[in-house]
Amino acid sequence: MTENSDSLSYLKNQVVSFRDKRNWLMYHKPKDLAISILLEASELLELFQWRSEDEIEKLITKKEFIQHIAREMADILIYLLSLADVLNIDLGEAVIQKLRENDAKYPPEKVSGEKFKEILDRYLNL
């Protein structure tokens, strides 16, 4: 792991530096970055498409497959950090806030394990 590579701030600075050295800010409009996030997420999903759970379990033991996944995840994070930059969003704080909201919305004592599936089934009228 590179020094500070687990810090969102450090990673965002690296992404911004990469972008700015290439004069790409003009292309980094929120709509285009959001589309790019979805496109990269689709490429991640494609790695799993048409595979059974058993096939996936075998594939995730292979270094090459994990490296493909890591590259797609990195692409997603790069675009996400770029979007956070152009919208001046503190992504770390946004994650903490969203976890607080989810904690209130889904208290463990009410949604743990199979209870969550029961709630989902009621929500879907199943």
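## Stop one: an exposed asparagine

Start by selecting asparagine 23, which counts as exposed because its relative accessibility is 52%, over the 50% cut-off. Keep in mind as you click around that this is a predicted model. Asparagine 23 sits in the loop between α1 and α2 (30-46). Now check its backbone: phi is positive, about 55 degrees, although asparagine 23 is not a glycine.

## Stop two: another asparagine

Next, select asparagine 88, in the loop between α4 and α5 (91-105). Is asparagine 88 buried or exposed? With a relative accessibility of 69%, asparagine 88 counts as exposed. Look at the backbone here too: asparagine 88 is a residue other than glycine, yet its phi is positive, near 55 degrees.

## Stop three: the largest pocket

The largest pocket holds about 380 Å³. To centre your view, select Val15, Ala74, Asp75, Ile78 and Tyr79, which are the closest to the pocket's centre among the 16 residues that line it.

Now colour by helix. Both α1 (8-21) and α4 (63-86) give at least two residues each to the lining of the largest pocket. Which helix supplies the largest share of that lining? Pick α4: seven of the lining residues come from there.

How values were computed
Residues are numbered from 1 along each chain as its sequence is written. This is a predicted model: local features need pLDDT of at least 70, side-chain atom pairs count only at pLDDT 80 or more; totals for chains, interfaces and linings use all residues. Side-chain values use heavy atoms; hydrogens and water are left out. On a 1 Å grid over the protein atoms alone, a cavity is a set of points where a 1.4 Å probe fits but cannot get out, and a pocket is an open set with protein on both sides within 12 Å along at least five of seven lines; lining residues have an atom within 4 Å of a point. Grid points are joined across faces, edges and corners, and a volume is the space filled by probe spheres set on the points. Helices (H or I, at least four residues) and strands (E, at least two) are DSSP runs, numbered from the N terminus. Buried means under 20% relative accessible area, exposed over 50%, partly exposed in between (1.4 Å probe, protein chains only).
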